[in-house]
Amino acid sequence: MANATEVYLFEQVLVLFSCALSFVGSSLIILTFIIWSDLRTTPRKLLVFLSMSDWLSAVSYAVGVWSVFRTNSLGCVAQGAISTFANTSSFFWTVAIAVYLYIYLVRSNRRAADRLVLLFHLVSWGIPLAITIAALCLNKIGYDESEVSVGWCWVQINATDHVLWMLLTGKIWEFLAYLLLPIFYILIKCHIRSAHEALSEYRPILPNTPPSHSHSSAADMKLVLIPIVFIVLRIWSTVRFVLLLTDSPARKNPVLVTLHGIGNTSQGAANCILFVLFTQAIRTRLFTALCGCSKCRAGAQRSHETPQSLPPEQDAT
């Protein structure tokens, strides 16, 4: 226990606040999907499943950070198992959305993309569940002395093969996401840009086809932000994992520990910003609903004429 990483009170407060934001953000994504049926595109449906994983991650991490477990108690093992499953599932759903959009937009094959949804469920829920059950049965989940966590439980640090199980229960999927997300979103971005350039050549001779710069720029910005935000949030846990492998004491640095805690627990909040607050149709509806007065509703309507449904290129991208 003497070598355990100290989790300070200010770190707990910041990480718990981050968990709360992700809890609210994930809940908002799910609620908007339930409330407005005309916005239920397939990419947003996949986003809801991702938000379920992020919601569960936020809750389980909050329990761990609040408790700051010191032993392999039953609560520690339960919290570690839930967060392991939810966090790994989040990686799979994040990549699944990128794969869906790539096939839909770049390959222009909506039928093939829709057929993959069932496979996404089997992979994104099944593999994390199988890995978590295996880790539980082999007694690998437990107290990790906050070596690669911030108060919560994950893989028992005293297990002889703890590095292998850290890879299996998260890190290897995190590395794959680092690789795949930029590739898919760069391909999608290039495809959309080339399509807009091709369309711009014919726009002057086509009637009633005003350029939609606002939607194009918003989609373009999201295509850049999605992989960047994911990497920026997750890179701190990867850095601490590498420092653990090299047995560097820098992994205990309070600033690095804090960034790790905030990054790992902010995915739900980041997705809410990207896919709710940065989506004009949903932002306007939320503004109207929260305002609750005719003046605000009229102002929101005048500010922007929004479509009633969201095609994939304006929705999840």
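Which residues form a nonpolar patch on the surface? I found Tyr8, Phe10 and Leu14, with about 280 Å² of accessible area together. For patches I took residues with over 30% relative accessible area and no salt bridge, joining nonpolar side chains (Val, Leu, Ile, Met, Phe, Trp, Tyr) within 5 Å and like charges within 9 Å. A salt bridge is a side-chain nitrogen of Lys or Arg within 4 Å of a carboxyl oxygen of Asp or Glu. Accessible areas are from the Shrake-Rupley method with a 1.4 Å probe, and for residues only the protein chains shown count as cover.

The model is predicted: local features need pLDDT of at least 70 and side-chain atom pairs pLDDT 80 or more, while totals for chains, interfaces and linings use all residues. Residues are numbered from 1 along each chain as its sequence is written, and side-chain values use heavy atoms, without hydrogens and water.

I placed Leu14 in helix α1 (residues 9-35). Helices (H or I, at least four residues) and strands (E, at least two) are DSSP runs, numbered from the N terminus.

Next I looked up the disulfide (cysteine sulfur atoms within 2.5 Å). The structure holds one, and it joins Cys76 to Cys153 with S to S at 1.9 Å. Cys76 is in helix α3 (residues 74-106) and Cys153 in the loop between β1 (141-142) and β2 (154-155), 77 residues apart. The link is left-handed, at -120° about the S-S bond.

I then checked burial: buried is under 20% relative accessible area, exposed over 50%, partly exposed in between (1.4 Å probe, protein chains only). Cys76 is buried at 0%, and Cys153 is buried at 1%. Cys137 is exposed at 64%.
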